[in-house]
Amino acid sequence: MHTLDLFAGATPAAGERRALGSHAWLLGGFALPWVEQLLPELLRLRTLAPLRQLSVPGGGKMSVGTTSCGLLGWTSDSAGYRYTRLDPQTGQPWPAMPAAFLELAVAAAREAGFEGFAPDACLINHYRPGARMGLHQDRDEHNLAAPIVSVSLGLPAVFQWGGLRRADTPQKVPLAHGDVVVWGGEDRLRFHGVMPLKAGEHPRLGPRRINLTFRQAG
Ligand code: SIN
Ligand code: FE2
C-alpha cells in the first residue's frame, strides 16, 4: 500500500498540509481567511454571468451549475469543451477576476511550491445535493506547466483523486469548507472528480457547495 493511503478518509485540520502526490497538496483550511471577501464577490459575479447547466459533448447536461470569471471562461456544449473570452450566454466578456480571488489563488499555489502562478481563468462550480462531477482530466488549458488551484466552500464533499490513467482507482479525499487542493508538475493531468454531494445545510452557505478552480488557460 502506498503510504499516502494511510491518511485517506481523514479530514485535515485547518493549517494541515497533506501530500496527494509529488506535486499535489491538500491545504487544510487555507482559504478560511479569505472567505468573507469571497462570498459577496460570488453573489455579484452571478448577477453578471449567471450560473448555467452546460451541455456536454456526449449529450446530457452537467449536474453542476457553472459560471466563470477572469480573462477566459471555461464552457462546453455538444461540440466540445473550450475557453472563450466572451460568455456565450450574455455575449459579454466574462467578469473580471476579483482581487481577493487572485490573491488567494497565488498564495495557495506558492504554498504548494508553485511560484509565479498567474491564473487568467476561474471556473465557479455550484453543487446542490446530488450534484457530482465525473472523473476527468483538466487538459483544455494552453499552459500545462502551471498548476490547478481548487478551493472548496460550503458543504463537505468527497473528492476523487485518481491517477494518470482513467482506469486507476481514485482515492477518496474528504474536502471541507476552506480547503484548497493544488496540483501541477507530474500530477497536473491526474484524473479527478467529485462524488454526489450529500444533503446538508452549511452554516454560512446553506444547502450548497461552491468550488473555485483557478487555471492558467491562455
Ligand atoms: C473540477 O474539477 O472542475 C471541480 C472539482 C471540485 O469541485 O472540487
Ligand atoms: Fe477538473
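**Ile 210**

I began with Ile 210 in this predicted model, and found that Ile 210 sits in strand 13. Setting aside neighbours within four places in sequence, I listed its contacts as Leu 42, Ile 124, Asn 125, His 126, Val 151, Ser 152, Leu 153 and Leu 205. Is Ile 210 buried or exposed? Its relative accessibility is 8%, and since buried means under 20%, Ile 210 counts as buried. I also noted that Ile 210 and Gly 65 are 145 residues apart in sequence, while their C-alpha atoms are 9.5 Å apart in space.

**Leu 212 and the nonpolar cores**

I then looked up Leu 212, which, not counting residues up to four places away in sequence, touches Leu 38, Leu 42, Phe 101, Cys 122, Leu 123, Ile 124, Val 149, Ser 150, Val 151 and Leu 153. In the largest nonpolar core, which has 33 residues, Leu 212 is one of the four that touch the most other members, together with Phe 101, Leu 153 and Phe 214. At least two residues of this core come from each of helix 1, helix 2, strand 6, strand 8, strand 11 (180–183) and strand 13, and helix 2 gives the most, with seven residues. Apart from this core I recorded another, of 27 residues, among them Ala 24, Leu 26, Tyr 83 and Ala 217. As background I wrote down that nonpolar side chains tend to be buried together in soluble globular proteins.

**Helix 1**

For helix 1 (residues 35–48) I checked the length, and its 14 residues should span 20 Å at 1.5 Å a residue, which agrees with end C-alpha atoms 20 Å apart. Its buried residues are Val 35, Leu 38, Leu 39, Leu 42 and Leu 45. These residues cover an arc of only 130 degrees around the axis, so they lie on the same side of helix 1. On the face turned away from that buried side I found the exposed residues Leu 43 and Thr 47. The cover over the buried residues of helix 1 includes strand 3 (65–69), helix 2 (99–111), strand 6 (121–127), strand 8 (148–154) and strand 13 (209–215).

**Helix 2**

Helix 2 has 13 residues and reaches 18 Å from its first C-alpha to its last, close to the 18 Å expected at 1.5 Å a residue. I noted Ala 100, Phe 101, Leu 104, Ala 105, Ala 107, Ala 108 and Ala 109 as buried in helix 2. Gly 113 follows helix 2, with a positive phi near 95 degrees.

**The iron ion**

Which residues coordinate the iron ion (ligand 2)? I read off His 136 (NE2), Asp 138 (OD) and His 192 (NE2), at 2.1 to 2.2 Å, with the spacing H-x1-D-x53-H along the chain. The two histidines link distant parts of the chain, His 136 being in strand 7 (residues 133–136) and His 192 in strand 12 (residues 192–194), 56 residues apart. His 136 is partly exposed, with a relative accessible area of 22%, whereas His 192 counts as buried at 4% relative accessibility.

**Leu 197**

Last, I turned to Leu 197, in the loop between strand 12 and strand 13, and found Leu 197 buried, with a relative accessible area of 4%. Beyond its neighbours within four places in sequence, its contacts include Tyr 127, Pro 129, Leu 155, Pro 156 and Arg 209. Leu 197 and Leu 38 are 159 residues apart in sequence and 21 Å apart in space, C-alpha to C-alpha.

Key
Residues numbered from 1 in each chain as written. Chains lettered and ligands numbered in written order. Predicted model: local features only at pLDDT ≥ 70, side-chain atom pairs only at ≥ 80, totals over all residues. Heavy atoms only, no water. Helix = DSSP H or I, 4+ residues; strand = E, 2+ residues; numbered from the N terminus. Expected span 1.5 Å × (residues − 1). Buried < 20%, exposed > 50% of the residue type's maximum accessible area, 1.4 Å probe, protein only. Arc of directions from axis to C-beta. Contact = heavy atoms within 4.5 Å. Donors = N, O, S within 2.8 Å, 3.2 Å for Na, K, Ca; no water. Core = buried A, V, L, I, M, F, W, Y, C linked by side-chain atoms within 4.5 Å.
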